[in-house]
Amino acid sequence: MRLKSDIVVSALVRRVFTLGGYAAVLHKGAEEAGAIFIRQRSRLGTETLYAPAPQSFFEEPSPNRLFEIRMEGVESHMVDEAIAREIRFDPDCWVVEIEVDERGDLFDVVVGKDD
C-alpha cells in the first residue's frame with residue numbers, strides 16, 4: 001500500500017527544510033493519489049523536473065513513489081510550459097518546488113531500461 005500523495009508531499013517539504021533548503025507546494029492535487037511532480041531549482045538558474053516514473057520501469061509494484069528525470073538543466077520557462085501541460089492533462093496532480101544543491105535521498109529516481 002502506498003502513502004497518500006498529501007503525506008508524501010508534506011514529508012518531502014519537511015525534509016528539504018530540515019536540510020536547510022527551500023520547498024513549496026506550487027499546485028495542490030488530489031490528497032489520495034494525485035501524481036507528484038518535483039521542480040528542482042539550482043543556484044545556476046537552471047532547473048530539473050522530476051515526474052512519476054512509468055510503471056514499465058519496474059517489474060513489481062513499489063511501496064515508494066518512484067520518479068524519472070523529465071527535464072534536466074533547462075531554463076525555467078521550459079519547466080513552466082511542461083508543468084502547465086501536465087496540469088491541463090491532470091488537474092489533480094501536485095507540483096512541489098525545491099531548492100537544494102543535491103537531491104540526495106529525498107526521493108527515489110529510476111533510470112530507463114535502455115540506460
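**Notebook: ring pairs and salt bridges**

I searched the whole structure for aromatic pairs and found three, taking rings of Phe, Tyr and Trp (its six-membered ring) as paired if their centres lie within 6.5 Å, with planes under 30 degrees apart counted as stacked, over 60 as edge-to-face and the rest as tilted. I note that this is a predicted model, in which local features need pLDDT of at least 70 and side-chain atom pairs count only at pLDDT 80 or more, whereas totals for chains, interfaces and linings use all residues. Residues are numbered from 1 along each chain as its sequence is written, and side-chain values use heavy atoms, with hydrogens and water left out.

**Rings**

I looked up Tyr 50 and Phe 107 and found an edge-to-face pair, because the ring centres are 4.8 Å apart and the planes stand at 75 degrees. Tyr 50 is in strand β3 and Phe 107 in the loop between β5 (94–99) and β6 (108–109), so this pair ties together parts that are 57 residues apart in sequence; helices (H or I, at least four residues) and strands (E, at least two) are DSSP runs, numbered from the N terminus. Phe 67 and Phe 107 also form an edge-to-face pair, at 5.3 Å centre to centre with 70 degrees between the planes. I record Tyr 50, Phe 67 and Phe 107 as a cluster linked by ring pairs.

I then checked burial, where buried means under 20% relative accessible area, exposed over 50% and partly exposed in between (1.4 Å probe, protein chains only). Phe 67 counts as buried because its relative accessibility is 4%, and Phe 107 is buried with a relative accessible area of 7%.

**Salt bridges**

My search of the whole structure for salt bridges gave nine, each being a side-chain nitrogen of Lys or Arg within 4 Å of a carboxyl oxygen of Asp or Glu. In one of them the side chains of Asp 80 and Arg 39 meet at 2.6 Å, N to O. Asp 80 lies in helix α2 (residues 76–89) and Arg 39 in strand β2, so the pair ties together parts that are 41 residues apart in sequence. Asp 80 is partly exposed at 39% relative accessibility, whereas Arg 39 is buried at 4%.

I also looked up the salt bridge between Asp 101 and Arg 43, which is 2.9 Å, N to O. This pair links distant parts of the chain, with Asp 101 in the loop between β5 and β6 and Arg 43 in the loop between β2 and β3, 58 residues apart. Both Asp 101 and Arg 43 are exposed.
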